[in-house]
Amino acid sequence: VTAPLRIVARDRTYEVAVGAGLLGELGARMRDAKIGGRTALISDQNVAAQWGGVARAALAAADYQVTPFVIEPGEASKTLASADKLFDALIEAGIGRGDHIVALGGGVVGDLAGFVAATLHRGIGFVQAPTSLLAQVDSSVGGKVAVDHRLGKNLIGAFYAPHLVIVDTRALQTLPARERWSGMAEILKAAFIRDSDLFELLERRLEDFGAGTASPEETAALVRRALEIKADVVGQDEHEAGLRMLLNFGHTYGHALEAAAGYGALTHGEAVVHGMRVALRMSVKLGRLDLAQAERGKRLLGRFPTPAWPALDPGEVMAAMSRDKKVQHGKMRFVVLDKIGAAVIDTSLTVSALEEGARFAAAGP
Ligand SMILES: NC(=O)c1ccc[n+]([C@@H]2O[C@H](COP(=O)([O-])OP(=O)(O)OC[C@H]3O[C@@H](n4cnc5c(N)ncnc54)[C@H](O)[C@@H]3O)[C@@H](O)[C@H]2O)c1
Ligand SMILES: [Zn+2]
């Protein structure tokens, strides 16, 4: 285990520890971080079955009094109704101002439990123990918490930094392969926008990490690198003024594709893989990225076991994008690459150019 990352957020500075087997140290590390009171341990059924026992034992060993709460797995649980049920259960269990929530699970658990932590008693302690690769490299860090609304994802939320993040890459051993690959898409995104060495590592070893044959220690080094990139970006720009927008590489089109395909048809990562193909194409079209680099990027994306491009008219996807309010006066802010490892925000892209790029990428290999 290497030294924890320190993230400076507006409300507090917090540590992110990454390593294989860290869940066994959860309680001890929370004590080190001066987190007091009782623990509401929030998880989903899948994660509770696999890792709930390890987490509870580690908390008990550090003398925390633990009350577990288990939600149904899946995005459908990320609602105000689920938050309300948790408010009932936590208040009835006597969770007070000086207590805290530990979110043990993927991004759904983290976003929902974080929303509850941010609002219950106007904010209680909040520890993230992410167990999906996506949550480990992306959603557990950065302080965004939210629930979905029937009219759109993440529409109701807040910025609420965690007090501590414990990333145990051993937990990934029980993560389904498709979820693992979804997280790999975010790691590749981090490489594209900020780190050509990481890109080269993925060129060498994508399948080892994607299929989970790399060791938990090797995976910890990979996760840490992706987290350093996210920490660096959000640390300088917590509220998405400019720099943080680079994390949207592949997401403008990816989000629209995900929505147009119907949530659940594609994982988030799969939609982002397609979105990154479009973004590479646009990077070339705008005269920024040279063709050889774009080809390298495309080849690596082609190694993801992503379901075929959904049979959607790119026009439908563009309509979803307009609903997402990404487009204004026919133009948008779109993240493109100058080269692999260096992303920039372009404001000259028109909707019609993007539509052409999407048709091209959808038709491509
Ligand atoms: N807050 C942010 O900044 C941010 C960033 C990106 C994504 N998100 C959100 O994250 C969510 C997606 O997160 P996700 O992909 O982790 O989805 P998820 O939480 O639904 O987890 C995916 C599946 O894997 C299971 N799972 C998780 N860890 C496991 C483990 N170790 N062993 C076995 N099964 C395990 C879960 O039960 C679930 O079925 C979305 O709601 C998205 O909006 C938030
Ligand atoms: Zn994403």
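Q: Which backbone oxygen lies 3.0 Å from a polar atom of the side chain of glutamine 136?
A: This is a predicted model, in which local features need pLDDT of at least 70, side-chain atom pairs count only at pLDDT 80 or more, and totals for chains, interfaces and linings use all residues. Residues are numbered from 1 along each chain as its sequence is written, chains are lettered from A and ligands numbered from 1 in the order in which they are written, and side-chain values use heavy atoms, with hydrogens and water left out. The pair in question is a polar contact (N or O atoms within 3.5 Å; within protein, one must be able to donate a hydrogen and the other to accept it, and residues adjacent in sequence count only if both atoms are side-chain atoms). The oxygen belongs to proline 130.

Q: Is glutamine 136 buried or exposed?
A: Glutamine 136 is found in helix H5, residues 133–139; helices (H or I, at least four residues) and strands (E, at least two) are DSSP runs, numbered from the N terminus. Contacts (heavy atoms within 4.5 Å) of glutamine 136, not counting residues up to four places away in sequence, include Val167, Leu172 and Leu227. The classes are buried (under 20% relative accessible area), exposed (over 50%) and partly exposed (in between), with a 1.4 Å probe and protein chains only. Because its relative accessibility is 0%, glutamine 136 counts as buried.

Q: Which residue in E2 stands opposite valine 8?
A: Strand E1 covers residues 5–8, and Val8 belongs to its uncovered face along with Arg6. E1 and strand E2 (residues 13–19) pair in the antiparallel sense over four bridges; two strands pair if DSSP finds at least two bridges between them. The two strands form a hairpin with four residues between them. Opposite valine 8 stands threonine 13.

Q: Which are the edge strands of the open sheet?
A: Seven strands form the sheet, in the order E1-E2-E9-E6-E5-E3-E4, with mixed pairing. Each edge strand pairs on one side only, and these strands are E1 and E4 (66–71).

Q: What is the bridge partner of serine 43 in E4?
A: Strand E3 (residues 39–44) and E4 run parallel and are joined by six bridges. Helix H2 (residues 45–61) lies across E3, E4 and strand E5 (100–105), running at about 155° to E3. Such angles run from 0 to 180 degrees between N-to-C directions, with axes as lines fitted to C-alpha atoms, for helices over the stretch in contact. In E4, the partner of serine 43 is valine 70.

Q: Which residues coordinate the zinc ion (ligand 2)?
A: Donors are N, O and S atoms within 2.8 Å of the metal (3.2 Å for Na, K and Ca); water is not among the atoms, so sites may look incomplete. Here the donors follow the spacing E-x64-H-x16-H along the chain. Both histidine 251 and histidine 268 are buried. At 1.9 to 2.1 Å, the coordinating residues are Glu186 (OE), His251 (NE2) and His268 (NE2).

Q: Which residue has a polar side-chain atom 2.5 Å from an oxygen atom of ligand 1?
A: A polar side-chain atom of aspartate 111 lies 3.0 Å from a nitrogen atom of ligand 1, and one of threonine 131 lies 2.8 Å from a nitrogen atom of that ligand. At 2.5 Å from an oxygen atom of ligand 1, the residue is serine 132.
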